[in-house]
Amino acid sequence: MTRVRRRPARGRWPVRDDPAADGHTDRTPGGAADDDPAARGRTWRSVRSRLATVLAALLVLLALTAPYDFGRLSPGAFVRIPLEALLLVALLLALPPRGRRLVATLAGVALGLLFLVKLLDLGFSASLSRAFDLVLDWALLDEAFGFVSESYGRPGAIGAAVALALVAVGLPVLVTLSMLRLSHLVVRHHTGTTRTVAVLVVVWVACAAFGVQVAPGVPVADTSATTLANGHGFQVRLRLNDRKTFSTTINDDAFRDTPGDQLLTALRGKNVVVAFVESYGRDAVEDPEFAPQVGAVLDGGTNRLRAAGYSAQSGFLTSPTFGGGSWLAHATLLSGLWIDNDQRHRTLLASDRMTLGGAFQRADWQTVGVMPAVTRAWPEGSFYGYDRFYDANTLAYRGPKFSFGTMPDQYTLSSWQRLERARPDGPATMTELALVSSHSPWTPVPPLVDWADVGDGAIFQDAAEGGRGEGRRSAKRIRADYRQSIEYTLNTLVSYVETYGDDDLVFIFLGDHQPAPVITGENASHDVPISIITRDRAVLDRISGWGWQDGLKPGPQAPVWRMDAFRDRFLTAFGPR
(Lines give C-alpha, C1' and ligand atoms only; values in the text may rest on other atoms or scores of the structure.)
Protein backbone atom coordinates (compact mmCIF):
# COMPACT_ATOMS: atom_id res chain seq x y z
CA MET A 1 0.00 0.00 0.00
CA THR A 2 1.44 3.28 -1.14
CA ARG A 3 1.62 6.04 1.34
CA VAL A 4 0.36 9.31 -0.05
CA ARG A 5 2.07 12.43 1.13
CA ARG A 6 -0.52 15.05 1.95
CA ARG A 7 -0.09 18.49 0.58
CA PRO A 8 -0.36 21.00 3.43
CA ALA A 9 -3.26 23.29 3.38
CA ARG A 10 -2.76 26.62 1.64
CA GLY A 11 -0.96 29.01 3.85
CA ARG A 12 0.56 26.26 6.01
CA TRP A 13 4.06 26.18 4.38
CA PRO A 14 6.89 27.13 6.77
CA VAL A 15 7.62 30.80 6.65
CA ARG A 16 11.36 31.59 5.99
CA ASP A 17 11.20 35.17 7.00
CA ASP A 18 12.41 34.05 10.40
CA PRO A 19 16.04 32.88 10.03
CA ALA A 20 15.70 30.62 13.03
CA ALA A 21 12.73 28.73 11.56
CA ASP A 22 14.92 26.16 9.73
CA GLY A 23 18.21 26.69 11.47
CA HIS A 24 19.60 29.14 8.87
CA THR A 25 21.24 32.34 10.05
CA ASP A 26 21.66 35.64 8.36
CA ARG A 27 25.10 35.65 6.68
CA THR A 28 24.94 39.21 5.47
CA PRO A 29 27.50 41.63 6.86
CA GLY A 30 26.27 43.18 10.01
CA GLY A 31 23.93 40.23 10.55
CA ALA A 32 23.39 38.47 13.84
CA ALA A 33 26.14 35.93 13.15
CA ASP A 34 28.78 38.65 13.32
CA ASP A 35 27.97 39.02 16.97
CA ASP A 36 28.19 35.27 17.64
CA PRO A 37 31.50 34.50 19.40
CA ALA A 38 31.36 30.84 18.29
CA ALA A 39 30.97 31.84 14.65
CA ARG A 40 33.81 34.33 14.91
CA GLY A 41 35.98 31.64 16.48
CA ARG A 42 35.24 29.22 13.65
CA THR A 43 36.07 31.89 11.07
CA TRP A 44 39.34 32.78 12.77
CA ARG A 45 40.36 29.12 13.05
CA SER A 46 39.63 28.64 9.36
CA VAL A 47 41.73 31.65 8.39
CA ARG A 48 44.51 30.58 10.71
CA SER A 49 44.48 27.05 9.32
CA ARG A 50 44.68 28.27 5.74
CA LEU A 51 47.46 30.70 6.59
CA ALA A 52 49.43 27.93 8.32
CA THR A 53 49.01 25.72 5.25
CA VAL A 54 50.22 28.47 2.93
CA LEU A 55 53.24 29.18 5.15
CA ALA A 56 54.04 25.46 5.35
CA ALA A 57 53.92 25.18 1.56
CA LEU A 58 56.14 28.24 1.15
CA LEU A 59 58.70 26.92 3.65
CA VAL A 60 58.94 23.52 1.96
CA LEU A 61 59.12 25.14 -1.47
CA LEU A 62 61.83 27.50 -0.24
CA ALA A 63 63.82 24.60 1.21
CA LEU A 64 63.61 22.78 -2.12
CA THR A 65 64.28 25.65 -4.51
CA ALA A 66 66.61 28.01 -2.61
CA PRO A 67 69.99 28.20 -4.39
CA TYR A 68 73.08 27.29 -2.40
CA ASP A 69 75.50 29.44 -4.42
CA PHE A 70 75.47 33.12 -3.47
CA GLY A 71 76.30 34.12 -7.02
CA ARG A 72 73.01 32.62 -8.24
CA LEU A 73 70.81 34.13 -5.55
CA SER A 74 68.09 36.06 -7.41
CA PRO A 75 64.27 36.00 -7.61
CA GLY A 76 64.42 34.01 -10.85
CA ALA A 77 66.45 31.29 -9.14
CA PHE A 78 63.35 30.26 -7.16
CA VAL A 79 61.32 29.59 -10.32
CA ARG A 80 61.97 25.87 -10.46
CA ILE A 81 60.11 22.56 -10.45
CA PRO A 82 61.94 20.22 -8.04
CA LEU A 83 61.80 16.63 -9.30
CA GLU A 84 62.29 15.40 -5.72
CA ALA A 85 59.05 17.12 -4.68
CA LEU A 86 57.06 15.44 -7.46
CA LEU A 87 58.43 12.00 -6.56
CA LEU A 88 57.74 12.56 -2.87
CA VAL A 89 54.12 13.62 -3.47
CA ALA A 90 53.56 10.57 -5.69
CA LEU A 91 54.94 8.34 -2.94
CA LEU A 92 52.73 9.94 -0.29
CA LEU A 93 49.65 9.37 -2.46
CA ALA A 94 50.47 5.69 -2.79
CA LEU A 95 51.17 4.93 0.89
CA PRO A 96 48.75 3.93 3.65
CA PRO A 97 48.27 6.41 6.55
CA ARG A 98 50.94 4.98 8.87
CA GLY A 99 53.57 4.72 6.13
CA ARG A 100 52.63 8.18 4.87
CA ARG A 101 53.23 9.76 8.27
CA LEU A 102 56.59 8.00 8.61
CA VAL A 103 57.78 9.04 5.15
CA ALA A 104 56.56 12.62 5.64
CA THR A 105 58.43 12.83 8.96
CA LEU A 106 61.69 11.43 7.57
CA ALA A 107 61.44 13.59 4.47
CA GLY A 108 60.79 16.67 6.62
CA VAL A 109 63.83 16.05 8.80
CA ALA A 110 66.04 15.39 5.78
CA LEU A 111 64.77 18.46 3.96
CA GLY A 112 65.19 20.64 7.05
CA LEU A 113 68.81 19.52 7.44
CA LEU A 114 69.40 20.03 3.73
CA PHE A 115 68.00 23.54 4.07
CA LEU A 116 70.50 24.22 6.86
CA VAL A 117 73.33 23.01 4.64
CA LYS A 118 72.07 25.30 1.87
CA LEU A 119 72.15 28.28 4.21
CA LEU A 120 75.69 27.40 5.31
CA ASP A 121 76.74 27.01 1.69
CA LEU A 122 75.24 30.40 0.89
CA GLY A 123 77.17 32.03 3.73
CA PHE A 124 80.44 30.33 2.82
CA SER A 125 80.10 31.07 -0.89
CA ALA A 126 79.45 34.74 -0.04
CA SER A 127 82.45 35.05 2.27
CA LEU A 128 84.95 32.34 1.23
CA SER A 129 83.79 31.55 -2.33
CA ARG A 130 83.34 27.85 -1.56
CA ALA A 131 80.82 25.43 -0.13
CA PHE A 132 80.59 24.52 3.55
CA ASP A 133 82.71 21.51 4.48
CA LEU A 134 80.61 19.10 6.57
CA VAL A 135 83.71 17.43 8.00
CA LEU A 136 86.06 20.31 8.72
CA ASP A 137 84.29 23.65 8.89
CA TRP A 138 82.57 23.25 12.26
CA ALA A 139 85.82 24.41 13.86
CA LEU A 140 85.48 27.71 11.97
CA LEU A 141 82.42 28.61 14.04
CA ASP A 142 84.79 29.49 16.88
CA GLU A 143 86.86 31.64 14.50
CA ALA A 144 83.67 33.32 13.27
CA PHE A 145 82.62 34.08 16.85
CA GLY A 146 86.01 35.63 17.52
CA PHE A 147 85.85 37.71 14.34
CA VAL A 148 82.37 39.08 15.13
CA SER A 149 83.40 39.72 18.73
CA GLU A 150 86.54 41.62 17.70
CA SER A 151 84.77 43.59 14.95
CA TYR A 152 81.36 44.34 16.46
CA GLY A 153 81.64 43.56 20.19
CA ARG A 154 80.98 40.51 22.34
CA PRO A 155 77.22 41.15 22.80
CA GLY A 156 76.78 41.13 19.03
CA ALA A 157 78.75 37.88 18.77
CA ILE A 158 76.63 36.24 21.50
CA GLY A 159 73.42 37.41 19.83
CA ALA A 160 74.57 36.00 16.49
CA ALA A 161 75.50 32.68 18.13
CA VAL A 162 72.09 32.40 19.84
CA ALA A 163 70.28 33.22 16.59
CA LEU A 164 72.31 30.59 14.74
CA ALA A 165 71.52 27.97 17.40
CA LEU A 166 67.80 28.74 17.20
CA VAL A 167 67.84 28.41 13.41
CA ALA A 168 69.81 25.16 13.59
CA VAL A 169 67.26 23.60 15.96
CA GLY A 170 64.08 25.27 14.78
CA LEU A 171 64.42 24.94 11.02
CA PRO A 172 64.33 21.11 10.81
CA VAL A 173 61.42 21.05 13.28
CA LEU A 174 59.41 23.60 11.29
CA VAL A 175 60.07 21.87 7.97
CA THR A 176 59.04 18.51 9.43
CA LEU A 177 55.78 19.91 10.82
CA SER A 178 55.15 21.57 7.46
CA MET A 179 55.66 18.27 5.63
CA LEU A 180 53.18 16.50 7.91
CA ARG A 181 50.60 19.22 7.38
CA LEU A 182 51.01 19.13 3.61
CA SER A 183 50.83 15.34 3.51
CA HIS A 184 47.31 15.51 5.02
CA LEU A 185 46.34 18.12 2.44
CA VAL A 186 47.69 16.01 -0.42
CA VAL A 187 45.59 12.99 0.58
CA ARG A 188 42.47 15.05 1.29
CA HIS A 189 42.59 16.34 -2.29
CA HIS A 190 43.77 13.07 -3.83
CA THR A 191 42.31 13.53 -7.29
CA GLY A 192 43.34 17.15 -7.74
CA THR A 193 46.84 16.44 -6.43
CA THR A 194 47.28 13.48 -8.78
CA ARG A 195 46.30 15.57 -11.78
CA THR A 196 48.55 18.42 -10.73
CA VAL A 197 51.55 16.11 -10.30
CA ALA A 198 50.91 14.54 -13.70
CA VAL A 199 50.84 17.94 -15.37
CA LEU A 200 54.00 19.11 -13.57
CA VAL A 201 55.84 15.93 -14.58
CA VAL A 202 55.07 16.68 -18.22
CA VAL A 203 56.19 20.30 -17.76
CA TRP A 204 59.37 19.15 -15.99
CA VAL A 205 60.28 16.76 -18.83
CA ALA A 206 59.66 19.49 -21.42
CA CYS A 207 61.78 22.00 -19.50
CA ALA A 208 64.55 19.44 -19.10
CA ALA A 209 64.46 18.58 -22.80
CA PHE A 210 64.70 22.21 -23.91
CA GLY A 211 66.96 23.44 -21.08
CA VAL A 212 64.51 26.11 -19.94
CA GLN A 213 66.00 28.65 -17.50
CA VAL A 214 64.51 31.74 -15.89
CA ALA A 215 67.73 32.70 -14.11
CA PRO A 216 71.12 32.06 -15.79
CA GLY A 217 72.60 28.72 -14.78
CA VAL A 218 69.46 27.65 -12.88
CA PRO A 219 67.30 25.18 -14.87
CA VAL A 220 63.56 25.11 -14.23
CA ALA A 221 63.69 21.29 -14.33
CA ASP A 222 65.41 21.06 -10.96
CA THR A 223 67.31 18.24 -9.25
CA SER A 224 69.46 20.48 -7.06
CA ALA A 225 68.51 18.79 -3.77
CA THR A 226 69.90 15.49 -5.02
CA THR A 227 72.95 17.22 -6.50
CA LEU A 228 73.64 19.01 -3.22
CA ALA A 229 73.32 15.82 -1.16
CA ASN A 230 75.57 13.87 -3.54
CA GLY A 231 78.14 16.67 -3.62
CA HIS A 232 78.46 16.85 0.14
CA GLY A 233 78.51 13.05 0.39
CA PHE A 234 81.43 12.96 -2.04
CA GLN A 235 83.10 15.73 -0.07
CA VAL A 236 82.85 13.71 3.15
CA ARG A 237 84.40 10.64 1.47
CA LEU A 238 87.16 12.80 0.00
CA ARG A 239 88.04 14.29 3.38
CA LEU A 240 88.15 10.89 5.08
CA ASN A 241 90.46 9.53 2.36
CA ASP A 242 92.67 12.64 2.43
CA ARG A 243 93.27 12.15 6.14
CA LYS A 244 95.00 8.87 5.34
CA THR A 245 97.07 10.00 2.36
CA PHE A 246 98.23 13.49 3.37
CA SER A 247 100.31 12.25 6.31
CA THR A 248 102.51 10.33 3.87
CA THR A 249 102.85 13.39 1.62
CA ILE A 250 104.37 15.39 4.47
CA ASN A 251 107.42 13.13 4.58
CA ASP A 252 108.10 13.55 0.86
CA ASP A 253 110.54 16.45 1.20
CA ALA A 254 113.53 17.03 -1.07
CA PHE A 255 115.18 19.26 1.56
CA ARG A 256 114.40 17.13 4.61
CA ASP A 257 118.01 16.00 5.18
CA THR A 258 119.89 18.93 3.61
CA PRO A 259 122.65 20.12 6.00
CA GLY A 260 122.44 23.69 7.23
CA ASP A 261 125.67 24.73 5.50
CA GLN A 262 124.05 23.88 2.16
CA LEU A 263 120.89 25.91 2.75
CA LEU A 264 120.39 29.56 1.75
CA THR A 265 124.08 30.13 1.05
CA ALA A 266 123.34 33.09 -1.24
CA LEU A 267 121.59 34.98 1.56
CA ARG A 268 124.28 34.76 4.23
CA GLY A 269 124.31 37.90 6.33
CA LYS A 270 120.94 39.12 5.00
CA ASN A 271 117.98 39.97 7.20
CA VAL A 272 115.05 38.39 5.40
CA VAL A 273 111.44 39.41 5.95
CA VAL A 274 108.32 37.57 4.71
CA ALA A 275 105.32 39.84 5.26
CA PHE A 276 101.75 38.70 4.59
CA VAL A 277 99.36 41.52 3.65
CA GLU A 278 95.81 40.62 4.63
CA SER A 279 93.36 40.26 1.69
CA TYR A 280 95.85 41.65 -0.84
CA GLY A 281 94.65 39.79 -3.93
CA ARG A 282 95.05 40.00 -7.67
CA ASP A 283 91.87 42.05 -7.96
CA ALA A 284 93.55 44.86 -6.03
CA VAL A 285 95.97 45.39 -8.94
CA GLU A 286 93.68 44.45 -11.85
CA ASP A 287 90.05 45.27 -11.05
CA PRO A 288 89.15 48.61 -12.70
CA GLU A 289 87.55 49.76 -9.46
CA PHE A 290 90.80 49.39 -7.48
CA ALA A 291 93.67 49.16 -9.96
CA PRO A 292 94.12 52.86 -10.80
CA GLN A 293 94.62 53.93 -7.18
CA VAL A 294 96.44 50.80 -5.93
CA GLY A 295 98.54 50.72 -9.09
CA ALA A 296 99.52 54.35 -8.52
CA VAL A 297 100.69 53.46 -5.01
CA LEU A 298 102.76 50.54 -6.33
CA ASP A 299 104.24 52.50 -9.22
CA GLY A 300 104.99 55.44 -6.95
CA GLY A 301 106.52 53.08 -4.41
CA THR A 302 108.71 51.52 -7.09
CA ASN A 303 110.05 54.96 -8.01
CA ARG A 304 110.58 55.98 -4.40
CA LEU A 305 112.47 52.78 -3.62
CA ARG A 306 114.54 53.07 -6.80
CA ALA A 307 115.57 56.55 -5.69
CA ALA A 308 116.69 55.01 -2.37
CA GLY A 309 118.79 52.40 -4.19
CA TYR A 310 116.36 49.47 -4.11
CA SER A 311 115.17 47.17 -6.86
CA ALA A 312 112.03 45.07 -6.83
CA GLN A 313 110.50 42.22 -8.82
CA SER A 314 106.98 40.79 -8.66
CA GLY A 315 104.80 37.88 -9.71
CA PHE A 316 101.70 35.99 -8.61
CA LEU A 317 101.05 32.99 -6.37
CA THR A 318 97.83 30.99 -6.24
CA SER A 319 96.56 30.85 -2.67
CA PRO A 320 94.89 27.73 -1.26
CA THR A 321 92.16 29.84 0.33
CA PHE A 322 89.84 32.71 -0.58
CA GLY A 323 88.20 35.42 1.50
CA GLY A 324 89.62 34.12 4.81
CA GLY A 325 91.66 31.34 6.39
CA SER A 326 94.94 33.27 6.40
CA TRP A 327 96.62 30.55 8.46
CA LEU A 328 96.20 28.13 5.54
CA ALA A 329 98.12 30.47 3.23
CA HIS A 330 100.87 30.98 5.81
CA ALA A 331 101.23 27.23 6.28
CA THR A 332 101.22 26.57 2.53
CA LEU A 333 103.94 29.10 1.72
CA LEU A 334 106.18 28.13 4.62
CA SER A 335 105.78 24.33 4.45
CA GLY A 336 105.75 23.81 0.68
CA LEU A 337 102.56 21.75 1.00
CA TRP A 338 99.06 22.53 -0.26
CA ILE A 339 97.19 23.30 2.99
CA ASP A 340 93.66 24.08 1.86
CA ASN A 341 91.68 22.88 4.89
CA ASP A 342 91.97 22.63 8.66
CA GLN A 343 92.37 18.85 8.64
CA ARG A 344 95.59 19.19 6.64
CA HIS A 345 96.62 22.11 8.84
CA ARG A 346 96.24 20.04 12.02
CA THR A 347 98.13 17.15 10.46
CA LEU A 348 100.93 19.51 9.46
CA LEU A 349 101.18 20.99 12.95
CA ALA A 350 101.58 17.49 14.40
CA SER A 351 104.46 16.69 12.02
CA ASP A 352 108.15 17.57 11.89
CA ARG A 353 107.98 19.07 8.37
CA MET A 354 110.75 21.61 7.77
CA THR A 355 109.29 25.02 7.07
CA LEU A 356 110.98 27.92 5.33
CA GLY A 357 111.68 29.39 8.75
CA GLY A 358 113.05 26.01 9.86
CA ALA A 359 115.46 26.05 6.91
CA PHE A 360 116.72 29.50 7.97
CA GLN A 361 117.05 28.21 11.52
CA ARG A 362 119.04 25.18 10.37
CA ALA A 363 121.31 27.58 8.44
CA ASP A 364 122.00 29.60 11.64
CA TRP A 365 119.56 32.48 11.23
CA GLN A 366 117.52 33.64 14.21
CA THR A 367 113.81 33.36 13.41
CA VAL A 368 111.20 35.88 14.55
CA GLY A 369 107.41 35.81 14.39
CA VAL A 370 105.32 38.98 14.55
CA MET A 371 101.57 38.28 14.79
CA PRO A 372 99.58 41.32 15.98
CA ALA A 373 96.23 39.51 15.63
CA VAL A 374 97.21 36.73 18.07
CA THR A 375 95.51 37.57 21.35
CA ARG A 376 95.38 34.14 23.04
CA ALA A 377 97.22 30.82 23.10
CA TRP A 378 98.58 30.02 19.64
CA PRO A 379 99.50 26.35 19.13
CA GLU A 380 101.08 27.05 15.73
CA GLY A 381 103.96 28.79 17.51
CA SER A 382 105.52 25.55 18.72
CA PHE A 383 105.41 24.09 15.20
CA TYR A 384 107.05 27.10 13.55
CA GLY A 385 109.58 27.24 16.39
CA TYR A 386 110.44 30.94 16.32
CA ASP A 387 113.40 31.99 18.41
CA ARG A 388 111.43 35.09 19.40
CA PHE A 389 107.71 35.69 19.04
CA TYR A 390 105.68 38.90 19.35
CA ASP A 391 101.90 38.78 19.70
CA ALA A 392 99.36 41.49 20.50
CA ASN A 393 100.43 41.56 24.16
CA THR A 394 104.19 41.76 23.65
CA LEU A 395 103.82 44.41 20.94
CA ALA A 396 102.28 46.55 23.73
CA TYR A 397 99.94 48.71 21.67
CA ARG A 398 98.18 51.42 23.72
CA GLY A 399 96.18 53.13 21.01
CA PRO A 400 92.58 52.66 19.83
CA LYS A 401 91.24 49.65 17.96
CA PHE A 402 90.32 49.85 14.31
CA SER A 403 87.58 47.19 14.04
CA PHE A 404 89.13 43.71 13.72
CA GLY A 405 92.71 44.95 13.59
CA THR A 406 94.33 44.96 16.99
CA MET A 407 96.71 47.72 15.87
CA PRO A 408 97.53 49.66 12.70
CA ASP A 409 100.20 48.17 10.45
CA GLN A 410 102.45 51.18 10.94
CA TYR A 411 102.53 50.47 14.66
CA THR A 412 103.28 46.78 14.06
CA LEU A 413 106.28 47.65 11.89
CA SER A 414 107.43 50.41 14.23
CA SER A 415 107.22 48.15 17.28
CA TRP A 416 109.05 45.32 15.47
CA GLN A 417 111.76 47.81 14.47
CA ARG A 418 112.14 48.94 18.07
CA LEU A 419 112.00 45.50 19.67
CA GLU A 420 113.94 43.50 17.12
CA ARG A 421 115.79 45.31 14.38
CA ALA A 422 117.27 47.96 16.67
CA ARG A 423 118.89 45.25 18.82
CA PRO A 424 122.70 45.20 19.04
CA ASP A 425 124.43 43.39 16.21
CA GLY A 426 123.86 39.65 16.29
CA PRO A 427 123.03 36.81 13.92
CA ALA A 428 121.00 37.59 10.83
CA THR A 429 117.25 37.17 11.27
CA MET A 430 114.39 35.77 9.25
CA THR A 431 111.07 37.40 10.23
CA GLU A 432 107.53 36.38 9.40
CA LEU A 433 105.15 39.33 9.68
CA ALA A 434 101.36 39.45 9.52
CA LEU A 435 99.82 42.83 8.64
CA VAL A 436 96.11 43.09 9.42
CA SER A 437 94.90 46.64 8.70
CA SER A 438 93.35 45.40 5.45
CA HIS A 439 91.36 42.67 7.21
CA SER A 440 87.59 42.61 6.77
CA PRO A 441 85.25 44.33 7.57
CA TRP A 442 87.48 47.08 6.10
CA THR A 443 86.65 49.99 8.31
CA PRO A 444 88.57 53.29 7.92
CA VAL A 445 92.31 53.15 8.60
CA PRO A 446 94.51 55.83 10.18
CA PRO A 447 96.77 58.10 8.13
CA LEU A 448 100.50 57.53 8.05
CA VAL A 449 102.37 59.58 10.64
CA ASP A 450 106.03 60.34 11.09
CA TRP A 451 107.74 57.15 12.29
CA ALA A 452 109.36 59.03 15.17
CA ASP A 453 105.88 59.97 16.46
CA VAL A 454 104.30 56.48 16.49
CA GLY A 455 105.26 55.81 20.12
CA ASP A 456 102.81 53.51 21.93
CA GLY A 457 100.04 54.13 19.37
CA ALA A 458 98.09 56.79 21.28
CA ILE A 459 98.70 59.16 18.36
CA PHE A 460 96.08 57.24 16.35
CA GLN A 461 93.25 58.16 18.77
CA ASP A 462 91.97 61.07 16.70
CA ALA A 463 91.89 58.95 13.54
CA ALA A 464 89.85 56.25 15.30
CA GLU A 465 87.28 58.74 16.60
CA GLY A 466 86.96 60.32 13.16
CA GLY A 467 86.12 56.97 11.60
CA ARG A 468 83.30 56.06 14.00
CA GLY A 469 79.61 56.55 13.68
CA GLU A 470 79.21 55.74 9.97
CA GLY A 471 76.51 53.13 10.62
CA ARG A 472 75.52 50.72 7.89
CA ARG A 473 77.72 50.95 4.79
CA SER A 474 76.75 50.25 1.21
CA ALA A 475 78.61 47.63 -0.84
CA LYS A 476 80.22 50.47 -2.80
CA ARG A 477 81.46 52.06 0.43
CA ILE A 478 82.85 48.73 1.67
CA ARG A 479 84.79 48.27 -1.57
CA ALA A 480 86.16 51.79 -1.29
CA ASP A 481 87.25 51.12 2.30
CA TYR A 482 88.92 47.88 1.16
CA ARG A 483 90.88 49.74 -1.51
CA GLN A 484 91.96 52.42 0.95
CA SER A 485 93.13 49.83 3.48
CA ILE A 486 95.29 48.14 0.82
CA GLU A 487 96.72 51.51 -0.21
CA TYR A 488 97.47 52.25 3.45
CA THR A 489 99.39 49.03 4.05
CA LEU A 490 101.36 49.25 0.79
CA ASN A 491 102.30 52.87 1.52
CA THR A 492 103.32 51.83 5.02
CA LEU A 493 105.60 49.07 3.71
CA VAL A 494 107.28 51.35 1.20
CA SER A 495 107.73 54.05 3.82
CA TYR A 496 109.20 51.54 6.27
CA VAL A 497 111.81 50.32 3.77
CA GLU A 498 112.67 53.94 2.87
CA THR A 499 113.09 54.86 6.53
CA TYR A 500 114.73 51.79 8.06
CA GLY A 501 116.03 49.69 5.17
CA ASP A 502 119.71 48.96 4.65
CA ASP A 503 122.01 47.00 2.33
CA ASP A 504 121.33 43.72 4.15
CA LEU A 505 117.54 43.84 4.01
CA VAL A 506 115.65 41.43 1.74
CA PHE A 507 111.96 42.25 2.08
CA ILE A 508 109.34 39.91 0.59
CA PHE A 509 105.67 40.80 0.86
CA LEU A 510 102.62 39.03 -0.55
CA GLY A 511 98.90 38.69 -0.14
CA ASP A 512 97.53 35.80 1.85
CA HIS A 513 94.32 35.49 -0.19
CA GLN A 514 91.78 37.45 -2.20
CA PRO A 515 89.11 39.38 -0.27
CA ALA A 516 85.53 38.11 -0.02
CA PRO A 517 83.23 38.04 -3.09
CA VAL A 518 81.55 41.26 -1.91
CA ILE A 519 84.82 42.87 -3.07
CA THR A 520 85.88 40.69 -6.00
CA GLY A 521 82.52 39.52 -7.35
CA GLU A 522 81.95 35.92 -8.34
CA ASN A 523 84.45 33.57 -10.00
CA ALA A 524 87.56 35.58 -9.10
CA SER A 525 90.91 33.80 -9.18
CA HIS A 526 92.81 32.73 -6.07
CA ASP A 527 95.93 34.62 -7.18
CA VAL A 528 97.80 37.06 -4.93
CA PRO A 529 100.70 39.39 -5.78
CA ILE A 530 104.18 38.77 -4.37
CA SER A 531 107.16 41.15 -4.48
CA ILE A 532 110.78 41.04 -3.35
CA ILE A 533 112.73 44.22 -2.50
CA THR A 534 116.51 44.49 -2.04
CA ARG A 535 119.49 46.74 -2.70
CA ASP A 536 121.67 43.76 -3.57
CA ARG A 537 121.35 43.08 -7.29
CA ALA A 538 122.94 39.68 -6.80
CA VAL A 539 119.83 38.59 -4.88
CA LEU A 540 117.61 39.39 -7.85
CA ASP A 541 120.07 37.73 -10.22
CA ARG A 542 119.45 34.52 -8.34
CA ILE A 543 115.77 34.59 -9.31
CA SER A 544 116.28 35.75 -12.90
CA GLY A 545 114.93 32.43 -14.13
CA TRP A 546 111.61 32.99 -12.37
CA GLY A 547 110.43 35.47 -14.98
CA TRP A 548 109.15 37.93 -12.39
CA GLN A 549 108.54 41.48 -13.62
CA ASP A 550 110.42 44.58 -12.50
CA GLY A 551 108.73 46.81 -9.94
CA LEU A 552 106.18 46.30 -7.18
CA LYS A 553 103.20 45.78 -9.52
CA PRO A 554 102.97 42.48 -11.39
CA GLY A 555 101.32 42.85 -14.78
CA PRO A 556 98.74 40.54 -16.37
CA GLN A 557 101.47 38.42 -17.98
CA ALA A 558 103.48 37.90 -14.80
CA PRO A 559 104.15 34.24 -13.92
CA VAL A 560 101.69 32.44 -11.64
CA TRP A 561 102.76 29.56 -9.37
CA ARG A 562 100.87 27.62 -6.79
CA MET A 563 101.78 28.96 -3.37
CA ASP A 564 103.10 25.58 -2.19
CA ALA A 565 105.82 25.75 -4.90
CA PHE A 566 107.45 28.82 -3.35
CA ARG A 567 109.42 27.13 -0.55
CA ASP A 568 111.30 24.71 -2.79
CA ARG A 569 111.89 27.29 -5.54
CA PHE A 570 113.23 29.74 -2.96
CA LEU A 571 115.53 27.19 -1.30
CA THR A 572 116.78 26.06 -4.71
CA ALA A 573 117.42 29.60 -5.99
CA PHE A 574 119.38 30.66 -2.91
CA GLY A 575 121.21 27.40 -2.26
CA PRO A 576 124.57 26.30 -3.66
CA ARG A 577 124.80 26.37 -7.44
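## Basis of the description

The model is predicted, with local features needing pLDDT of at least 70 and side-chain atom pairs counting only at pLDDT 80 or more, while totals for chains, interfaces and linings use all residues. Residues are numbered from 1 along each chain as its sequence is written, and side-chain values use heavy atoms, with hydrogens and water left out.

Helices (H or I, at least four residues) and strands (E, at least two) are DSSP runs, numbered from the N terminus.

Strand β7 covers residues 366-370 and strand β9 residues 429-435; the two run parallel and are joined by 5 bridges. Two strands pair if DSSP finds at least two bridges between them. Thr 367 stands opposite Met 430 in β9. Strand β8 (residues 388-390) also runs parallel to β7, with 3 bridges between them, and Phe 389 of β8 is the bridge partner of Gly 369. Strand β5 (residues 271-277) pairs with β9 in the parallel sense over 6 bridges. Here Val 272 stands opposite Met 430.

Buried means under 20% relative accessible area, exposed over 50%, and partly exposed in between (1.4 Å probe, protein chains only). In β7, 4 of the 5 residues are buried, so this strand is largely enclosed by the rest of the structure. For β9 the count is 7 of the 7 residues, so β9 is largely enclosed by the rest of the structure. Thr 429, Thr 431, Leu 433 and Leu 435 point one way from β9, while Met 430, Glu 432 and Ala 434 point the other way.

## Helix α14

Helix α14 (residues 409-421) is mostly covered, with 11 of its 13 residues buried. Among the buried residues are Tyr 411, Leu 413, Trp 416, Glu 420 and Arg 421. The cover over the buried residues of α14 includes β5, β7, β8 and β9, together with α16 (475-500) and β10 (505-511).

Two packed helices are described by the angle between their axes and the distance between the axes. Axes are lines fitted to C-alpha atoms, for helices over the stretch in contact, and angles run from 0 to 180 degrees between N-to-C directions.

Helix α2 (residues 83-94) packs against helix α6 (residues 190-210) at an angle of about 150°, with the axes 10 Å apart. The two are therefore roughly antiparallel (angles under 35 degrees count as roughly parallel, over 145 as roughly antiparallel, 65 to 115 as roughly perpendicular and the rest as oblique). In this contact (heavy atoms within 4.5 Å), Leu 83, Leu 86, Val 89 and Leu 93 of α2 meet residues of α6 including Val 197, Leu 200 and Trp 204. The contact of α2 with α6 has 8 nonpolar, 3 polar and no charged residues. In these classes, Ala, Val, Leu, Ile, Met, Phe, Trp, Tyr, Cys and Pro count as nonpolar, Asp, Glu, Lys and Arg as charged, and the others, Gly among them, as polar.

## Helices α10 and α11

Helix α10 (residues 326-335) and helix α11 (residues 342-349) pack at about 50°, with their axes 10 Å apart. That angle makes α10 oblique to α11. Trp 327, Leu 328, Ala 331 and Ser 335 of α10 make the contact with Asp 342, His 345 and Leu 348 of α11. By class, the residues of this contact divide into 4 nonpolar, 2 polar and 1 charged.
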